[in-house]
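Let's take a walk through this one together. Have a look at the fold first, and then we'll go through some side chains.

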Amino acid sequence: AKIFAEPAFVLFPSADGELRVWAKSRPESRLTSEEHGAARWVFENGQSAGSGTQTLYGIKTYFEPVQTEKTALGVIGIQMDVRDIMPEQRQLLGALTNLAALAVARLG
């Protein structure tokens, strides 16, 4: 959230397997049902989707999977059009999701 100055979300599956918001940068921020559906798609398919992508581009949030080579762990979402971010910011976002995956995998 500090890097992009936009609302950000971290979603992980709960014990019942449902993908839920685990953390968000702004207490008042919410995901729509369409955004939750997009986050679920990202989790299940291991590919980015949402704003600024060719997949599920009709929503205003960009979702990036948090995953190891073999396992989907969660999803990070940023409410912005990622076409508006600089290449360095995009690389940093990729690095952050990789670090998050490593941290979660170590806890699991």
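Which side chain does Glu-64 join in a polar contact? The partner is Tyr-62, with the two side chains 2.4 Å apart. (A polar contact is a pair of N or O atoms within 3.5 Å; within protein, one must be able to donate a hydrogen and the other to accept it, and residues adjacent in sequence count only if both atoms are side-chain atoms.)

Before going further, a word on what you're looking at: this is a predicted model, where local features need pLDDT of at least 70 and side-chain atom pairs count only at pLDDT 80 or more, while totals for chains, interfaces and linings use all residues. Residues are numbered from 1 along each chain as its sequence is written, and side-chain values use heavy atoms, with hydrogens and water left out. As for pLDDT, that's the predictor's confidence in each residue, from 0 to 100. The chain averages 85, and 95% of its residues reach 70 or more. Where pLDDT is low, the predicted coordinates should not be read in detail. Helices (H or I, at least four residues) and strands (E, at least two) are DSSP runs, numbered from the N terminus.

Back to Glu-64, which sits in strand S4 (residues 62-67). Its relative accessibility is 16%, so Glu-64 counts as buried; buried means under 20% relative accessible area, exposed over 50%, and partly exposed in between (1.4 Å probe, protein chains only). Setting aside neighbours within four places in sequence, Glu-64 is in contact with Val-42, Ser-48, Val-75, Ile-76 and Thr-97. Contact here means heavy atoms within 4.5 Å.

Another glutamate to look at is Glu-35, in helix H1. Glu-35 is buried yet has no salt bridge, and the nearest side chain of opposite charge, Lys-60, is 5.4 Å away. For the charges, Lys and Arg count as positive and Asp and Glu as negative; His and the chain ends are not counted. A salt bridge needs a side-chain nitrogen of Lys or Arg within 4 Å of a carboxyl oxygen of Asp or Glu. Lys-60 does turn up among the contacts of Glu-35, as do Arg-30, Ile-59, Thr-61, Phe-63 and Gln-79, again leaving out neighbours within four places in sequence.

So where are the salt bridges? The whole structure has two. One joins the side chains of Asp-16 and Arg-20, at 3.1 Å from N to O. Asp-16 is exposed, at 56% relative accessibility, and Arg-20 is partly exposed, at 42%. The other joins Arg-40 and Glu-44, at 3.7 Å from N to O. These two are four residues apart in helix H1, so about one helical turn separates them. Glu-44 is exposed, with a relative accessible area of 55%.

Next, the aromatics. Rings of Phe, Tyr and Trp (its six-membered ring) pair if their centres lie within 6.5 Å; planes under 30 degrees apart count as stacked, over 60 as edge-to-face and the rest as tilted. That rule gives one aromatic pair. It is edge-to-face, because the rings of Phe-12 and Trp-22 have their planes at 75°, with centres 5.4 Å apart. Phe-12 belongs to strand S1 (residues 8-13) and Trp-22 to strand S2 (residues 19-24), so the pair ties together parts 10 residues apart in sequence. Phe-12 is buried, at 16% relative accessibility, whereas Trp-22 is exposed, at 63%.

Strand S1 also holds Ala-8, which is buried at 15% relative accessibility. Ile-78, in strand S5 (residues 72-78), is buried at 6% relative accessibility. Among the residues Ile-78 touches, not counting those up to four places away in sequence, are Ala-8, Lys-60 and Tyr-62.

Finally, look at the loop between S2 and H1, where you'll find Arg-26. Arg-26 is partly exposed, at 32% relative accessibility. A polar atom of the Arg-26 side chain lies 3.2 Å from the backbone oxygen of Ala-5.
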